Amino acid sequence: MRVVVMGVIGSGKTELGRTLAAQLHWPFLDADDYHSAQARAQMATGTPMSDDDRRPWLLALRRALGERPEVILACSALKRRYRDILRLPGTRFVYLDVPAALVRERLNHRPDHFAGPSLLPSQLEALETPDPSELDVLTLHVSLQDSPGDLAAHVMTAFNLH
């Protein structure tokens, strides 16, 4: 099984992804590591990536997923068409539905990341919340009290991972 932890910037994708990978002893991939230097520079200025900008990045992520039968990937996967590119057989998604106020608070505490708080509005605008027809998506409604360990336990139970 491949698990893609998705959501807007600052939703906790990397934290949950690393926690899951450690508990399952699976490889962890961070989609941020697959961005080109140009894309990182663009986002650092607060300019969101276009669909055309994202396509080579998403294809590289798809290749990386396809190389591993068991893997955790942290990736925004904001739009259904992005998820469709990543949707290889055996892929499941975990959508982190986090209140915007909590995301803003988190972003204010990670000043060294290339994708800063100025990108949040465009991410929220681009987000296509997974709909019920996407049967491979688990939605987690995240609150301030939820720890990565709590969320990982929920994912592992829902996907029957042990």
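Two worked exercises on this predicted model follow.

Local features need pLDDT of at least 70 and side-chain atom pairs pLDDT 80 or more, while totals for chains, interfaces and linings use all residues. Residues are numbered from 1 along each chain, and side-chain values use heavy atoms, without hydrogens and water.

**Exercise 1.** Describe how helix α1 packs on helix α7.

Step 1. Helices here are DSSP runs (H or I, at least four residues), numbered from the N terminus. α1 covers residues 13-24 and α7 residues 148-158.

Step 2. The angle is about 60 degrees and the axes lie 9 Å apart; axes are lines fitted to C-alpha atoms over the stretch in contact, and angles run from 0 to 180 degrees between N-to-C directions.

Step 3. Angles under 35 degrees count as roughly parallel, over 145 as roughly antiparallel, 65 to 115 as roughly perpendicular and the rest as oblique. α1 and α7 are therefore oblique to each other.

**Exercise 2.** Identify the residues of α1 that meet α7.

Step 1. Contact means heavy atoms within 4.5 Å.

Step 2. In α1 they are Glu15, Leu16, Thr19, Leu20, Gln23 and Leu24. Their partners in α7 are Pro148, Gly149, Leu151, Ala152, Val155 and Met156.

Step 3. By class, this contact has eight nonpolar, three polar and one charged residues (nonpolar: Ala, Val, Leu, Ile, Met, Phe, Trp, Tyr, Cys and Pro; charged: Asp, Glu, Lys and Arg; polar: the others, Gly among them).

Definitions and conventions: Helices (H or I, at least four residues) and strands (E, at least two) are DSSP runs, numbered from the N terminus.
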